[in-house]
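Please look through the sequence and the structure shown below before reading on. The paragraphs that follow walk through the fold one region at a time.

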Amino acid sequence: MKTQEMKNGQLWFNTVTHRVERVLSTGPRVCATSYHKEDLVAWPVTRLRPANETEVFNYLGEINGRKVIQTTEGRLAYA
């Protein structure tokens, strides 16, 4: 996986922790991710893959006190 495909703020699935994490910083071979505002952890890009729609929806649904809905354009939003 090339870091050029990764952008800050995107959600990627970590194959080591088996959960979706938000990319906060990218480098040539390593990127820093965070899970629901936990501490940053640096991972080799080979350990991450793009999160699918179901994984993203489940990740966003874990945020307490907020409901996640899907818009008519297919995007996820907070309600």
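The side chain of Thr33 makes a polar contact of 3.4 Å with the side chain of Trp43, and a further polar contact, of 2.5 Å, joins the side chains of Thr33 and Glu21. A polar contact here is a pair of N or O atoms within 3.5 Å, of which, within protein, one must be able to donate a hydrogen and the other to accept it, while residues adjacent in sequence count only if both atoms are side-chain atoms. This is a predicted model, in which local features need pLDDT of at least 70 and side-chain atom pairs count only at pLDDT 80 or more, whereas totals for chains, interfaces and linings use all residues. Residues are numbered from 1 along each chain as its sequence is written, and side-chain values use heavy atoms, with hydrogens and water left out.

Thr33 belongs to strand E3, residues 30–34; helices (H or I, at least four residues) and strands (E, at least two) are DSSP runs, numbered from the N terminus. Thr33 counts as buried because its relative accessibility is 1%, where buried means under 20% relative accessible area, exposed over 50% and partly exposed in between, with a 1.4 Å probe and protein chains only. Leaving aside neighbours within four places in sequence, Thr33 is in contact (heavy atoms within 4.5 Å) with Glu21, Arg22, Val23, Leu24, Asp39, Leu40, Val41, Trp43 and Leu48.

Of its 79 residues, 30% count as buried.

Which residues make up the largest nonpolar core? It consists of eight residues, namely Leu11, Phe13, Val20, Tyr35, Ala51, Val56, Tyr59 and Leu60, a nonpolar core being a set of buried Ala, Val, Leu, Ile, Met, Phe, Trp, Tyr and Cys residues joined through side-chain atoms within 4.5 Å. Strand E1 (11–14) and helix H1 (53–61) are the elements that give two or more residues to this core, and H1 gives the most, with three. A second, separate core has six residues, among them Trp12, Val23, Val45 and Leu48. In soluble globular proteins, nonpolar side chains tend to be buried together.

The buried residues in H1 include Glu55, Val56, Tyr59 and Leu60. Seen down the helix axis, the buried residues of H1 fall within an arc of 130 degrees, so they line one face of the helix; the arc is that of the directions from the helix axis to the C-beta atoms. The face of H1 turned away from this buried side carries the exposed residues Glu53 and Thr54. At the start of H1, a side-chain oxygen of Asn52 comes within 3.2 Å of the backbone nitrogen of Thr54.

One aromatic pair is counted in the model, under the rule that rings of Phe, Tyr and Trp (its six-membered ring) pair if their centres lie within 6.5 Å, with planes under 30 degrees apart counted as stacked, over 60 as edge-to-face and the rest as tilted. The pair is formed by Tyr35 and Tyr59 and is edge-to-face, at 5.9 Å centre to centre and 70 degrees between the planes. Tyr35 lies in the loop between E3 and strand E4 (41–44) and Tyr59 in helix H1, so the pair ties together parts that are 24 residues apart in sequence. Tyr35 is buried at a relative accessible area of 18%, and Tyr59 counts as buried at 5% relative accessibility. The charged end of Arg19 sits over the ring of Tyr35, 4.1 Å from its centre; the criterion is that NZ of Lys or CZ of Arg is within 6 Å of the ring centre and within 35 degrees of the ring normal.
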